[in-house]
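Subject: Structure for you to look at

Hello,

Here is the structure I said I would pass on. Please open it first, then read the notes below.

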Amino acid sequence: MQKLNILIVTALLLVGCNNFDEDININPNVPSQASGTQLIANAMLSLSGLSSSPQGEFMSQYLSETQYVNASLYPQSSTSFYWLYQGPLMNLQTVLNSADKLSGTEGPVANQLAVAKILKAYYVWHATDRWGDVPMSDALRGADNFTPKYDTQESIYTSLFTLLDEASSAIVPGSVSNDIIYNGDMTKWSKLANTLKMLMALRLSEVNPNLGKEKFAAAVQAGVMTSNSGNLIFKHLADANNQNYWFSQLNQGREWWAISSTLMDKMKPVGDPRLMVYGNANRTDGEYTGLVFGETVNIDTEKYALLGDAITAQDAPVYLVTYAQVLFAQAEAAKLGWIAGGDATAEEKYNMAISASMNQWGADTSELDEFMMQPEIAYNPAKAIEQIATQRWVHLFMHGYEGWAEYRRTGYPNNMVAPGGAEVPKRQIYIETEQFNNTANYNEAVQRQFGGSESLYGNVWWDVN
Amino acid sequence: MKKNYAMTLLFLLGFLASIPLYAQQTIKGKVTSQEDGMPLPGVSIVVQGSSKGTVSDLDGNYSISVPGSESVLVYSFIGYETQRKIAGNTTEINIQLAEDVSQLGEVVVTALGITRDERSIGYATQEVKGENLTYTKEQNVLGSLSGKIAGVQVTGSSGASMGGTQKIKIRGVNSISGGGEPLMVVDGTPISNSNFSGSSGQDYGNLGQDINPEDIETINVLKGPAASALYGIRGQYGVIMITTKKGKKGSDVKVELNSAVFVDNVSNLMPYQNLYGGGSSQTWRTLPNGDKYVDMSVDESWGPKTDGTLVRQVMSFYPQDPTYGQLTPFVAYPDNIKDYYETGTNVNNGVTITGGGASSNFRVSLNDTRIQGVEPNTSLKRNNVGVSLGVDLTKKLRLSTNVNYAANQGRRPGQGSEDGSRYLGQWFQRSMDMKRLKDYKYDDGTFLNWNLRRPSTSTGEVTNFNPLYWANPYFLANENFSDDNRDRFFGDVGLSYQISSELKVSAFVRSDMYTQNINSRASFGGTGNPGYSVGKYQNTEMNYELLAQYNKVWNKFSLDANVGGNIYDRDYSYLSMATVGGLSSPGFYNINASIDRPVTSSYQQNKQIKSAYAMVSLGYNNTYFLDASLRNDNSSTLPVDNNSYWYPSLSTSVVFSEWIKSDVMTLGKLRLSYAQAGSDLSPYSTTSFFNVGSTYTGSSTVNTLSVPDNLNNPNIKPSFAHSYEAGVDFKFYEGRVGLSFTYYNQRNENQILNLDISGTSGYGSATINAGEIVNRGLEIALTATPFRSDNFNWDMSFNISRNRNEVVELYPGIDVYQYGSTTYSSTSSYLNSYVGKPFGSLVGQAYQRDEATGKILLGSNNLPLYTDATHDFGTVLPDFNGGFQNVLNYKNFQLAAMIDFQAGGQFFSRSKMLAVRTGLDPLSAAINDKGMNVRDPLADGGGVKVEGISAETGEDVTAYVDAKAYYGVVARRIYEDWLYDASYIRLREVSLSYNFNKSQFANLPVENVKVALVGRNLGMLFQNAPKGINPAELSTGSQAIGWYESGQLPSVRSFGFNLNVTF
């Protein structure tokens, strides 16, 4: 018995403890600390995703689908916004939440926070313009709130104006590291913040022109972009790890997109030199032929102008917020009387905008003056808003969601088609899983905006007509 | 908690120490086995009608005092026939006990490898003998369990995968996350049954298949916590206990040779239409010179009639091709897909040598399996070596070891709709001659493809010979393959010390280690970038175990007590790398060939569990038994300050046949049990971390970090299962009929879930304790020998089980748990679990229907309207599972047949949906009620007849719709039409064997010769799902639940010859 007792006691000693090495549950494969600028850099990598999607191009009818045409017929299907929250926004929020832990060795902490705020504002703005009300004040809180409520678009705009003001006013001298976008140049970030505020203000032209006018003027006053060198561009690399979406598609043999007739009809008749950049001549007879948007039968890709080589290059950049947009906005604001100068200023800014766009796209500008003198193009006070909006839409090529937002606000271009009877959507449908994962808040948001059931055709707050 | 733990063990110690030992002398003797003459220790010797008793010692010796010469001594031992002897006047009685043949199966292997008398067990057990698993030479032995054990559902994979995944679920789905595979234990050593497959691509199968089927003596399935509670935190989902064959002490050396040759062929291919060929329209396309040509840019069969029209086919556009520029007849090739498959072979050779000396026993086995798959360029080679040794170092000290080695080398076919040749049944041209594609490479190195861009409208020549959507299937098989290999060792070394006849202490070191390599290549000339990837995965699991076993019989009482401890230590690591942006030169498959910075990852993981356990079984009068067990587990993966948990069990059995003496009923037993078991989670799930994002190499190199999508939980607790079980076992007519009923109720609560949450929280999912999932079920097992005579014997066994599942609770505010989703052509379907419903609802797009009449609503173009992807089609879980086995012996012949079946359950078939959508399926070229083909023009009476209600007007509509347009909606958007009942009755195995008499080869040094003809996976006797889709092979790689089928590998039927010679 004695022996047995000894053995059992030994067994107990062997197993009777619940102590393990202290670090046994620390994941050795990933860092447990993150530098602020590396998180921000990761959020920057998602910027191209705001533009690089066929869906955006269909919304603004820049491209026609050649293969799976149904995808372009505005099916009533949902689109997820989760990637924005789980991806860039959560990285940025993590930086903002850990302000006291950020390291000054990567640039002034105030500037790191400012960049995070500007990017956050840009992503949230993008989201609310596409879906309408979206979670913001309750969002990005992890374990503290699994079911964030939806904020109204109106309150989101108010919050974003504040966020941008906070950001630009906090900027101090000194550059930040790991900045893929502006290489640490805080002046450019400051101008981007003001430019975003200005473009957001213009979005209010229909729903709240007074507020729009006030914010627009304040933004211009604070200093917006002054050249293409300040553009918010995501520069892809000739490297498969950071390559252009359209390149990867073409590389898989997917010639699924042609220049739409909608766009062709605004460019080809006036000999717009950007057309040679936007598209390639067709392979049948070397002509620039647009494909009717939503055309479903027997599409022969040989016959249409497919995406241009400059657009599908592996390292083709994605233009997100540009100087030409600033000029178009100022032209429109002058015409609306939001800023001084009237038609004269409007015309000046309009002409500058087209020129900036040509330069941005690398179009052949040798005959720019002739181009500008054509009656459809030359500034005409009687239809200035239409001209500005149409030219802005041409300029915003490949940034479909922005082109679509401006179309919804202005109603231009005037030749958008309704494929199979489906009009251009007014918004996108919330991801279905919100109905299960965030039921009460989803229902409340849908009830508040659309009276109970949502579709592609409910107007967002600023889209009043 | 700590205190209780110590108290319990102290109590137990005191209990053990207080047992008095009886020993007075009168009669002495030795008990030996009649079989081999070896001493039998632990035999109970009782003076009948008195309270006196003893047990034999290690050498079989005993001594007992008896009141007088009239006394009757009763010698009983588990598995042996009880003998009674009158004491008489002798002082020495030597007894030989005979093995009790009628009681076969009464000794069962229970948790921790402890063998017990079946009478004493308070929960359901069922055992499968090794010979039941081996004669069909199934590559993955776990598949052979299908239908053999009540309550065990095996979802298999096609034989074309050569050892693909066999999923085992015991008593339903006990985890809301769908996971929860049973623990596999071989001779007491837990072994990994993990899986390196994804949900598509190569199916490498579950690792449990590394056990050599020839080595298996028995498989016992511990079906629930009552049986598996002694495995604590690893026992929630049951345990598969495998016991291997061993040599016997004092037996002659026996050599056994086993050779088997099988021939495999695809069976059950889907049917295809042969009236129309490749193309998207029945109108011919023409070249500038007016020649008609087959539209090679279309991967569908909506083209012109296969009427022999002279046309340019795709080969004729290759200047290297002998048919360049020629017109050939446009015809269908009805067998073109069948032609792709080859006849597979499976050659299996094995040797085993067994024997033993006076104090030792051994068994050595070698096995070699070589399989050529039915898909071109697929193969599997497997070698197994097994050694088991036992040596009595002294009379009391025994050393034993089991070592198993397995080496696998595979080149396997991809599965899934986009993988390898699996597109053939989904996107193809009925007019394509497969035999022409076989020679896939021209002399100049150009690959022959069938799917290209159209020829130039000006020159009529094809200028781009790169494949458009699909490469030549032979190119994929021969150039874009994936190789895998795995070396595996598992086994144990143990010492046991028999302190006294009642007490034994043993210690084991157990190990399971493997290295898995997977390399994949994508060649130049395919649809995507060329590339190469390598992965090396290493796992070492060690278990250090100590066990004290105490057996004691006195008076009418018996005691069986075990105390033990275990330390589990697992190290897992991998290195994986893949090229990015292409390869630098053709044929150079190496990470160094990467054009851009390759993707690399290195990973390591360590997990430990420290455990202590105790079990006590008390019996009275061999009639009443009470078991109690308790285990404490400390898992390193749980939060540091809260990682210790207790798992108790309690069970009882009452052999009521002891009260009711009956000639008919040999045994009647009632059993009841309650137990808790648990499960923990993977390492590193309680602390937060950041993911390494991609690196941006612009003007300077920027490394990025990101917040992971899953939110870890520092407060996680283990998941607990509470299980109640009640059952009754009968044996009638001396065991000729056995019947067993079991009812169980297993409540799994505090599940550890990666619950999908609103992504707007910043995380896509969160690791939480939540939810409750309940399984209730009934199991019936029947064995019978309907006929028994000298020459003819008929044995049968039948089992059936029914399981009902309900998800009782999820997380506050969240009503659904999404197990998985699958999206194709922007249409998704999901497997969701909803509160108040069974696990696993198939959810997808359904027809929109008129509420009043249930008729389908039609849009303005008379095409059906459909709902969004939220329609709940109900659970995928089956209602019943079971099997039926018959063995007929006539003289030296044996005929055995095995049927397994399932009633209910459902799945979604993407293969069928796509075959219809792309015009391959006969449905797309059916005859409508006007006697015209649905593809004929509407004006001529063609079209698909559509009946429903116009959504606009509310009026009844009967209309005919263009077939391509109709299926373009129905076979693309409306999943309702492509869901199938998963019921089946399958003839799984049939074998006819002949056992030669020794007299027939008296001159040869041969003991026994057995030959057998075997058929495996012979076919479905019944299924509701359409031909060509196998509802029993829904394994999609490592996915825990089979709920959809997408590019399933074709079923394989095997016939073979088996020769077994014993020397």
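A residue is called buried if 20 or more other C-beta atoms lie within 10 Å of its own, exposed if 12 or fewer do, and partly exposed in between, with the C-beta atoms placed from the backbone. By that rule, 53% of the 465 residues of chain A count as buried.

This is a predicted model, in which local features need pLDDT of at least 70 and side-chain atom pairs count only at pLDDT 80 or more, while totals for chains, interfaces and linings use all residues. Residues are numbered from 1 along each chain as its sequence is written, and chains are lettered from A and ligands numbered from 1 in the order in which they are written.

Chain A

Chain A has 19 helices and four strands; these are DSSP runs numbered from the N terminus, H or I of at least four residues for helices and E of at least two for strands. The C-alpha trace of chain A spans about 110 × 55 × 50 Å along its principal axes.

Chain B

An automatic or database domain assignment gives chain B domain 1 (22-99) and domain 2 (107-246). The C-alpha centres of these two domains lie 39 Å apart.

Helix α7 of chain B runs over residues 910-917, and eight of its eight residues are buried. Among them are B:Arg910, B:Lys912 and B:Arg917. Just after α7(B), B:Gly919 has a positive phi of about 75 degrees.

Regards
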